[in-house]
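Thanks for passing this one along.

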Amino acid sequence: MSTDLGKPLESKIIQPNHGGSGEIKQGQTLRIIDVEGQQVADFVTIKSGDPTEFLDCVYTNWSVGRYKWREGDVLCSNHLNPMWTITDDKTGNHYTGGGFCSNDARRLYLDNDEKGCRDTVKEVYRELGFDPNLVQSVSCFNVFMTVNYTPEGEWNLGEPITRAGDYIDLRAEMDITWIVSVCAWPEIVNGDKPTPLRFELYDTH
Amino acid sequence: MEERVLDPGTSDSGVIKHGQTLRIIDIEGQQVADFIAWRIDDPSEYQDVFNSNFANGSWKIGSGGVLVSNHMNKFWTITEDDCEEHYMGGGFCSSDLYTYEGNPPHDGCRDRLQKELAKYDLTPLHLREVSCFNIFMHVAYDSDGTWEIRRPISKAGDHIDLRAEMDLHWAVSICDDPWSNGDGPTPMRFEFYDAIH
């Protein structure tokens, strides 16, 4: 069952290895749709126009008492102010530990010199007029990403469980600028094939 | 070569050269240190626990593990570790967190480390949450999704040895929050050794 949010105010498709951004007002909802399935978004949130207040995955883990976030959870900033509420979530499977892939990681682990999500997010910061040095790894909510944890310490990348059309709805709890890189890491983290994501903005006042 | 005892609620910082070892000793047990580092010739390259988890293939770190930078360069190798239970998720306690939990405002590790950075003319924005290695901090990631701070398992006299893999600035805040430090915050000792390991 999908939550009917009416007609989107805006809708955009972002291709893998590309960045994008948007403004959202308090009370509006952003729907992130995994168009073909098994695709990860490196999704960064800052207070509208202010990169010094950012989504803080660690403080959100603290405040919800879980590293597996789910419907109803409030995601908070480095000042513990509410930024988003998850109002609908088809998978409940995301990586909430922060961090990005990067050109550095690609050179080391893939032996190629392509950019990673951190580089893409920094490009978007520059386009928006923000200092790219202000990008904080802890502000990255890795939407639809599977990381396998065990209590014993295992940490490795897994395959996303999203199917085509699965989505997450985030209701803005303050005016927000969001920045995204649609991940193009080639291994199972994107189901072996990076694909586009759709971002839809709804008025849900 | 040098040793310093640091009380909870205080911070300190310094320089370590490639090949030297920093030994951090939990004198009375169950005490947490929020520990950061950055490259001596470039503050935009800093310790990155997320990348370190990636490099180690584990969110638990211990003897033989490495701490790498945001550029995946090796900062430290852990050459000895009596405890092997540390928190590798990044982040700090802060005055914001005290207030959020209903306590009076009180400097947290984030606030103290920002003051340490100021000694090197670095703005508070140079403090990255992902830089923090929470030594001896015990956070559980249970399979049901629980994220919970638990009592540290370090015993009196437990130590961890960090061998510097390049010339680094380091800074530390000895945590005095009421959530992470067992029955109450206690001091830690920092010892610096020339390349004996």
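Which residue caps the N-terminal end of H1(A)? Keep in mind throughout that this is a predicted model.

1. **The start and end of H1 in chain A.** The cap is A:Asp56: one of its side-chain oxygens lies 3.0 Å from the backbone nitrogen of A:Val58. Just after H1(A) comes A:Gly65, which takes a positive phi of about 75°.

2. **How covered is H1(A)?** Seven of the eight residues of this helix are buried, so please read "mostly covered" with the cut-off of under 20% relative accessible area in mind. The buried residues are A:Cys57, A:Val58, A:Tyr59, A:Thr60, A:Asn61, A:Trp62 and A:Val64. Their cover includes parts of both chains: strand S6 (74-76) and strand S8 (140-143) of chain A, along with H2, helix H3 (109-118) and strand S10 (147-150) of chain B.

3. **The interface as a whole.** On chain A, 39 residues are in contact with 39 residues of chain B. Between them the two chains bury about 3400 Å², and 60% of that is on carbon and sulfur atoms. If you go looking for salt bridges across this interface, the rule finds zero. For polar contact, it finds 19 residue pairs across the interface, both residues being at pLDDT 80 or more.

4. Strand S5 (50-54), helix H1 (57-64), helix H2 (103-109) and strand S10 (155-157) of chain A each supply at least two residues of the side that touches chain B. H1(A) gives the largest share, five residues. Sorted by class, this side of chain A has 18 nonpolar, 14 polar and seven charged residues.

5. **H1 in chain B.** Here helix H1 (residues 49-56) has B:Val49, B:Phe50, B:Asn51, B:Ser52 and B:Asn53 as its buried residues. Among the elements that cover them are helix H3 (117-128) and S10 of chain A, and strand S6 (66-68) and strand S8 (133-135) of chain B. At the start of H1(B), a side-chain oxygen of B:Asp48 comes to within 3.0 Å of the backbone nitrogen of B:Phe50. After the helix follows B:Gly57, with a positive phi near 65°.

6. **A buried asparagine.** B:Asn70 sits in the loop between S6 and strand S7 (74-81) of chain B. Its relative accessibility is 3%, so B:Asn70 counts as buried. Leaving aside neighbours within four places in sequence, B:Asn70 is in contact with A:Asp104 and A:Arg118 from chain A, and with B:Ser44, B:Glu45, B:Tyr46, B:Asp48 and B:Asn51 from chain B.

7. **Aromatic residues.** Over all chains, the structure holds 24 aromatic pairs. In one of them, the rings of B:Tyr98 and B:Trp179 have centres 5.2 Å apart and planes at 50°, so this pair is tilted. The pair links distant parts of the chain, 81 residues apart: B:Tyr98 is in helix H2 (residues 95-100) of chain B, and B:Trp179 is in the loop between strand S12 (168-174) and strand S13 (188-193) of chain B. B:Tyr98 is buried at a relative accessible area of 5%, whereas B:Trp179, at 24%, counts as partly exposed.

8. One aromatic cluster is formed by A:Tyr67, A:Tyr95, A:Tyr109, A:Tyr149, A:Trp155 and A:Trp185 together with B:Phe50, B:Phe54, B:Trp59 and B:Tyr141. B:Phe50 is also one of the buried residues of H1(B).

Notes
Residues numbered from 1 in each chain as written. Chains lettered and ligands numbered in written order. Predicted model: local features only at pLDDT ≥ 70, side-chain atom pairs only at ≥ 80, totals over all residues. Heavy atoms only, no water. Contact = heavy atoms within 4.5 Å. Buried area = accessible area lost by both parts, 1.4 Å probe. Salt bridge = Lys/Arg side-chain N within 4 Å of Asp/Glu carboxyl O. Polar contact = N/O pair within 3.5 Å; in protein donor to acceptor, adjacent residues only side chain to side chain. Helix = DSSP H or I, 4+ residues; strand = E, 2+ residues; numbered from the N terminus. Nonpolar A, V, L, I, M, F, W, Y, C, P; charged D, E, K, R; others polar. Phe/Tyr/Trp six-rings, centres within 6.5 Å; stacked < 30°, edge-to-face > 60°. Buried < 20%, exposed > 50% of the residue type's maximum accessible area, 1.4 Å probe, protein only.
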